[in-house]
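Work through the exercises below with the model open. Each task is followed by a worked solution.

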Amino acid sequence: MAEKTENRAVELDIHGKKRIFDIDDPVLPDWIEEKAFGSDDYPYDKKLDNKEYEKTLKLLQIELVKVQFWQQKTGKRIMAVFEGRDAAGKGGAIHATMSYMNPRSARIVALTKPTGTEQGQWYFQRYVATFPTSGEFVLFDRSWYNRAGVEPVMGFCTPEQYEKFLKETPRFEKMIVSEDIHLFKFWLNIGREMQLKRFHDRRHDPLKVWKLSPMDIAALNKWDDYSEKRDRMLKETHTDNAPWTVIRANDKRRARINLIRHILKTLDYEGKDKKAIGEIDDKIVGSGPGFLK
């Protein structure tokens, strides 16, 4: 368990109000608890019922197994990029997608910070090395889009590198798609109070404390900067070849179900059961930057 450090209380500007947030205090402030689920104008008042969630998820996971059989037969390659706010639920969404897939032909890519050798390479090079082979499904827990968010916000790249990335990425992704690789790009979005609640949960849950990184703490008062980078990223890299699918993720259950539904509805695989897949909730899922306006 993480040890308590010196006072890490920070003053945050929350919707025009100054708030003090101390992540080491085991008591979650009322102003977070009361507003978290509905933050960012979330369209529901409570979580999806767990029995309904488990039943629906199982049906969707059966369809994902069918996708893998279809991939093995046809050699189709699939990539899914999971990006989003810190604590938006990327890992959980990846786990829900991957749980019953055959690990021999489905894998997760979660790269650490680049080595000295990798820093001297073409920026995209280390990611290209992880791309799928014939019949493989690869899920990226963060991706080359680090250069559109955390790197410029935290000063890990130069302004010139950031601008170059935004210019090059649509061309790079056009090449991926032209190789007949199906590319999904998901942005998971949560409200400010929900992010703070999840950070607090991680800090005080001995099973989750490893998820709370120094980067999370450093980013506590950089919400607006991340928002600006997110908006520009979506604007510059949402293309016909490689569109962004935005998921409102305050409720992890609805986010996972609708994300998987989007994958299944998009793919034309054998044995597809449209009734089992169901309909995407357009309050939760949208396309491109316009969905967050």
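**Exercise 1.** Which element supplies the largest share of the lining of the largest cavity, and how many residues come from it?

Solution. The model is predicted: local features need pLDDT of at least 70, side-chain atom pairs count only at pLDDT 80 or more, and totals for chains, interfaces and linings use all residues. Residues are numbered from 1 along each chain as its sequence is written, and side-chain values use heavy atoms, with hydrogens and water left out.

Step 1: find the cavity. On a 1 Å grid over the protein atoms alone, a cavity is a set of points where a 1.4 Å probe fits but cannot get out. The structure has 1 cavity of 30 Å³ or more. The largest cavity holds about 210 Å³ of space. A volume is the space filled by probe spheres set on the points, with grid points joined across faces, edges and corners.

Step 2: list the lining (residues with an atom within 4 Å of a point). It has 19 residues. Nearest the centre of the largest cavity lie Gly84, Arg85, Arg142, Trp187 and Tyr226.

Step 3: assign elements. Helices (H or I, at least four residues) and strands (E, at least two) are DSSP runs, numbered from the N terminus. At least two lining residues each come from β3 (77-84), α8 (192-204) and α10 (223-237). The largest share belongs to α10, with 5 residues.

Step 4: sort by class. Ala, Val, Leu, Ile, Met, Phe, Trp, Tyr, Cys and Pro count as nonpolar, Asp, Glu, Lys and Arg as charged, and the others, Gly among them, as polar. The lining of the largest cavity splits into 9 nonpolar, 4 polar and 6 charged residues.

**Exercise 2.** Describe how α7 packs on α10.

Solution. Two packed helices are described by the angle between their axes and the distance between the axes.

Step 1: geometry. Axes are lines fitted to C-alpha atoms, for helices over the stretch in contact, and angles run from 0 to 180 degrees between N-to-C directions. Helix α7 (residues 159-178) meets α10 at about 35°, with the axes 9 Å apart.

Step 2: handedness. A crossing is left-handed if the near helix is turned anticlockwise from the far one by less than a right angle, and right-handed if clockwise. α7 crosses α10 in the right-handed sense.

Step 3: contact (heavy atoms within 4.5 Å). α7 contributes residues including Tyr162, Leu166 and Glu173. From α10 come Lys229, Arg232 and Met233, among others. By class, the contact of α7 with α10 has 4 nonpolar, 2 polar and 5 charged residues.

**Exercise 3.** At what angles does α11 pack with α2 and with α3?

Solution. Step 1: take α2 (residues 50-74) and α11 (residues 252-266). Their angle is about 25°, and their axes are 10 Å apart. α2 and α11 are therefore roughly parallel (under 35 degrees; over 145 is roughly antiparallel, 65 to 115 roughly perpendicular, the rest oblique). Their crossing is left-handed. Among the contact residues are Tyr53 and Leu60 of α2 and Ile257 and Leu264 of α11. That contact of α2 with α11 has 8 nonpolar, 2 polar and 4 charged residues.

Step 2: take α3 (residues 90-98). It packs with α11 at about 55°, with axes 10 Å apart. That makes α3 oblique to α11. The crossing of α3 and α11 is right-handed.

Methods
On a 1 Å grid over the protein atoms alone, a cavity is a set of points where a 1.4 Å probe fits but cannot get out, and a pocket is an open set with protein on both sides within 12 Å along at least five of seven lines; lining residues have an atom within 4 Å of a point.
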